[in-house]
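Take a look at the model below.

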Amino acid sequence: MAQEDVFKKLVAHCKEYGFVFQSSEIYDGLGAVYDYGQNGVELKNNIKKYWWDSMVLLHENVVGIDSAIFMHPTIWKASGHVDAFNDPLIDNKDSKKRYRADVLIEEQLAKYEDKIEKEVEKAKKRFGESFDEKQFRETNGRVLEVQAKWDELQARFVKALNDSNLDELKQIIIDQEIVCPVSGTRNWTDVRQFNLMFSTEMGSTADGALKIYLRPETAQGIFVNYLNVQKTGRMKIPFGIAQIGKAFRNEIVARQFIFRMREFEQMELQFFVRPGSELEWFQKWKQTRMNWHQALGFGKENYRFHEHDKLAHYANAAVDIEYRFPFGFKEVEGIHSRTDFDLSQHQEYSGKKITYFDPELNESYVPFVVETSIGVDRMFLQIMAATYAEEEVVSEDGKKDMRVVLRIPAPLAPVKLAVFPLMKKDGLAEKAREIIDDLKFDFNCQYDEKDSIGKRYRRHDAIGTPFCVTVDHITLEDNTVTLRYRDTMLQDRIVISDLRSLIAGEVSMKKLFAQL
Ligand code: ATP
């Protein structure tokens, strides 16, 4: 299946099965804003728990907070967001569509990368077993030619970004003959900077309302609480503060479903360290975070690190963790060494001393910070993309059938156990309810009595339920049920009293944590 089709199917599936809805849909929707449905919210909560527990439970020196979305406006001046949280935008005069100039150029770079990969794939097929990929990449004329174009474009792009040279960004777009995907023309406006923060007013206008911003990242809420937490928690450096919360960005180009939203959720850790040790901690967190992703079992080959070409104004090292989405490798998480920039700025703007007295060194300093920042929604999309599968199966009456299954890791699955009475009568429904009543405090269970058992399996495959149990007449005699496994579709006859421990072992987050 073409990757674009996979993506379209994912979006449709998310809607059909109550994972994600367009916001304000009955009013024709609101651009790049989404609501999570009954299954979506369960998955989202499980993702957050997986992240939170891996930070706060598993690290003795990490604690959490929940800071307000509204903050004093000077915070955003100090952090640099008022002046520098911009994206370079460009419009196509014919289609009137707006794009991010940097994204257009990145897509051009990706096209060169694709060309190289296609050459490699072709050669792989032609040479079979004897193919030496490394040698091919280093010597093949066509590959080298495209690579040279990539290198040249990349170098020019990075320089333009670092110099904040908007004219040069436009010139690159012209020289590369990049066309608008909608109009197909090269009739571009100049490139302009666009601030991504939403603003609103607090207080009544009569007594002078205060212009405040909706936070574009949760991090600043942590920095301005650094002293509170350090003092009240008697935290010793190195230590971290974790937070999960909403963030808002007025994204210029908000396509790709929940990949780029205007209202989204972040899970951020700010880890405070001794000056000079930040790059060591940066490496540690880089690996820790990659392990967290890979523990989900979506294939190591589908992840890569991407070093930043242009460092943000506050960083001295930065890397993204990218996942191979149906539309290519894209960022799901950023790890940044933010130096002492934020705390120093807040010290300056607030006039309050923000330092740490290090008893081992017998000196005070402004701590350095290593940040890990991941979007809940992008993580959600990663899980959907990684686990969605269409498979041919043989139904109970021997006919070939198709099933859509979400192979969501059991600890993250929205519903853990579905219980079906074979039929409603003869006390089977009551017995099924009894099982649910017994297990519902342990994990999310659902009762389903409608349609054939086969159809009920399909419904639960489609939302990723790892276990289904069927209650039949034999159950009434010997207290056994048929347990059916989502991934293998195998069935076992097991005693009801064994269900709890069997399922608990599989759906526990401990299964994931054991791999970290
Ligand atoms: P991008 O380059 O894709 O715009 P970014 O580098 O600006 O992302 P960060 O500021 O590092 O992103 O934010 C950290 C994380 O927050 C990202 O890795 C991503 O998972 C998430 N995120 C950022 N912007 C959005 C958005 N508009 N919608 C959904 N998630 C987002």
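A pocket is found on a 1 Å grid over the protein atoms alone: it is an open set of points where a 1.4 Å probe fits, with protein on both sides within 12 Å along at least five of seven lines, and its lining residues have an atom within 4 Å of a point. The model is predicted, so local features need pLDDT of at least 70 and side-chain atom pairs count only at pLDDT 80 or more, while totals for chains, interfaces and linings use all residues. Residues are numbered from 1 along each chain as its sequence is written, and side-chain values use heavy atoms, with hydrogens and water left out.

Start with the second largest pocket. Its lining has 18 residues; Ala-410, Arg-486, Asp-487, Glu-506 and Lys-511 lie nearest the centre. The space in this pocket is about 300 Å³. That volume is the space filled by probe spheres set on the grid points, which are joined across faces, edges and corners. Ten lining residues are nonpolar, three are polar and five are charged. Here Ala, Val, Leu, Ile, Met, Phe, Trp, Tyr, Cys and Pro count as nonpolar, Asp, Glu, Lys and Arg as charged, and the others, Gly among them, as polar. Where does the second largest pocket lie? Both domain 1 (1-85 + 196-396) and domain 3 (409-513) give residues to its lining, so the pocket lies between them. The domain bounds come from an automatic or database domain assignment.

Now the ligand. It is surrounded by 17 residues, with Glu-251, Arg-260, Met-261, Glu-331 and Val-332 the closest. A residue counts as near if one of its heavy atoms lies within 4 Å. By class, this shell holds five nonpolar, five polar and seven charged residues.

A ligand nitrogen sits 2.8 Å from a polar backbone atom of Met-261. A ligand oxygen is 3.3 Å from a polar side-chain atom of Gln-266. In the side chain of Glu-331, an N or O atom is 2.6 Å from an oxygen of the ligand. The protein buries 86% of the 590 Å² that the ligand exposes when taken alone. These areas come from the Shrake-Rupley method with a 1.4 Å probe.

Strand 10 (263-273), strand 13 (328-339) and strand 16 (368-375) each give two or more residues to the shell. Strand 13 gives the most, five. Strands (E, at least two residues) and helices (H or I, at least four) are DSSP runs, numbered from the N terminus.

Last, the backbone. Ile-237 and Pro-238 are joined by a cis peptide bond, with omega about 5°. Pro-238 belongs to the loop between helix 10 (226-232) and strand 9 (239-248).

Technical notes
Polar contact = N/O pair within 3.5 Å; in protein donor to acceptor, adjacent residues only side chain to side chain.
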